[in-house]
Amino acid sequence: MSRRTLELSVSTPTMGADGQVRNVPLGVARRPSESVSDDFGAEHMLVNIGPQHPATHGVLRLVVELEGETVKRIIPHVGYLHSGFEKLGEYRHYNQIIPLTDRTDYLAPMANNVAMAMAVEALMGIEITERCRLLRVIACEMSRIISHLVWLGTTGIDLGAFTPFLWMFQQRERIYNLQESWTGARLTTSVARVGGMMADVPEGWEAGLRDFVQTFPTTLREVDTMFTRNAIWIGRTQGVGVIGAEEAINYSLSGPMLRASGVAYDVRKDRPYLGYDEFDFDVPVGAHGDIYDRYRVRLEEMTQSNRILEQALDRLKPGPVNVADPRVILPPKSRAMGDMEAMIFHFKQVMEGVKPPAGEVYFGAENPKGELGYYLVSDGTAKPVRWRIRPPSFINLAALPRLCEGALLSDVIAINASVDIVMGEIDR
Amino acid sequence: MTAVATPLEGAAATVDAMRAAFGDSIGRTSQFAGQQVVSLAAERAHEILAWLQSDPEQRFDYLTDITAVEYRDAERPLEVVYQLRSLARRVDLRLKIALDPDGPLAVATVTDIWKGAEWLEREVWDMFGVTFRGHGDLRRILMWEGYSEGHPLRKSFPLRGHRSRAEQTRQALAANPEAHYSLEELSIADAYQELPADMRARLAARERGETP
């Protein structure tokens, strides 16, 4: 019995000392572990990412210790955007704090404004009007949609998908136009006031929002088609950055990060504010706690927000927006110029500000990034003793070292994106 | 159908259980705007917090927030505030530890109970100068490591800082470049050995990031 053998001339081309290329047969070249540095595999490398890096979503800096391509340890550095908002708040009237809240989570400014007004109202025991309540629900849900749109767009870019980014920003632009026609500003909206809103929506605005609500699901379907069953997307996201339910709770995660891990906690359902319990919507909950589930949760949340917007529009009836309480709401300018009492209230409010009673309150709202909490301590004066922001993305980001343990360097970008951070809020 | 306890009733039941279990270590309790506040003695606070987290009746598994409050009234103590939540029972509880602002500002860490406390405690240290005993990595977090003006959210800290803007800029520009890495980071891998000898000596003497 004869055996045919095949001689393969496999070799490795190398450069000799004389500059000539030689072919070294396989097996003759040294293995990586024996090559130039003998402990190549055990050598740890320090890689600095950011603070100026497009994939860190702001001025976040990550110092990564690598073994080969595997992350051994990751040390996040924050604070580059620290503006001392909490300190500034102690020197301002309650209504003057609202513009500061725009600049914390600047991807969802309206939701921050509303939460701040709600916190002061909880401190003062103010009941807002029906129209104001619905306008606030609309503001919060619009914010959730634009924030998730930015998240999906930028995360897509981080993972190499550029087109959805353009679709997302096109839709986001439509909400920005609505925000602009309501508040005059696209980003620094400052739309809420203690006891009401800065203004009612202009004529024809509701029709504009309804147009958005009716056409927006098309984009969501497009994204669903593009991503949900996309092999590359699945390969990059499933089983990456996994955190289980128990650990997610122990790390104080909130919002989509918590729900993707299978914990059905949504402030809107569990401690309803703004009458969210009257709305018919579902809270999507993941099962695996990986990036893919976070994506699914956020995508579904946009659909649900759209449903809430539709219901809020149906219920929106003409009526007063602000409470009829001259201690918190400025009387109309026309009355302030002619009516003695109105003028006094106008003067006192502008000069002294809204004065809640001495006490303290924590108000938690379900923001796009997670649970935004405002903890206000009042000593009875017009300025808070302490204005604490519970920043959801700061607390979510704190779990990044845990999420990135043992991941590959390229996964760090994906995991960091999946946390949905906004540095304005983290650094405050 | 059984009546569901409101969050405030649930919190009140927890307060009763705390009093039964810890007696005098539970201080003043109050309610405001439908929220329950309980003061704790600093010595047993860690024990009480661990009990609240692990006791099957209480199940305060979620640490919402840790912060501190300093009042404008200088007579009032500085308070470290814990916002706890039981996700299962839908109950919130706010716990406070009063600290004498003239004494050592220190409490025991809760990072062994809730991992989420790590950055929150670092922030309280950074902003108020409260030390958390047992915290593995109590570095500044929002201010940079070499920051030497104190703790910004203290009432004794002026709004614009202790130093003028020009002085702050001058110092920032004069800071050593190695201030951008912590000693821990620099000691990773071979990076430390590759540093110039004088820089290594400065770092070993903990002179990193000191401004002139």
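Author: The crossing of H6(A) and H11(A) is left-handed, a term used if the near helix is turned anticlockwise from the far one by less than a right angle, with right-handed for clockwise. This is a predicted model, in which local features need pLDDT of at least 70 and side-chain atom pairs count only at pLDDT 80 or more, while totals for chains, interfaces and linings use all residues. Residues are numbered from 1 along each chain as its sequence is written, and chains are lettered from A and ligands numbered from 1 in the order in which they are written. Helices here are DSSP runs of H or I with at least four residues, numbered from the N terminus.

H6 of chain A spans residues 205–228 and H11 of chain A residues 291–315, and they pack at an angle of about 160 degrees with their axes 10 Å apart; axes are lines fitted to C-alpha atoms over the stretch in contact, and angles run from 0 to 180 degrees between N-to-C directions. That angle makes H6(A) roughly antiparallel to H11(A), the word for angles over 145 degrees.

Residues are in contact if their C-beta atoms, placed from the backbone, lie within 7 Å. On H6(A) the contact includes A:Leu209, A:Val213, A:Phe216 and A:Leu220, and on H11(A) it includes A:Leu299, A:Met302, A:Asn306 and A:Leu313. The residues of this contact divide into 12 nonpolar, two polar and four charged, where Ala, Val, Leu, Ile, Met, Phe, Trp, Tyr, Cys and Pro count as nonpolar, Asp, Glu, Lys and Arg as charged, and the others, Gly among them, as polar.

How values were computed
Helix = DSSP H or I, 4+ residues; strand = E, 2+ residues; numbered from the N terminus. Parallel < 35°, antiparallel > 145°, perpendicular 65-115°, else oblique. Contact = placed C-beta atoms within 7 Å.
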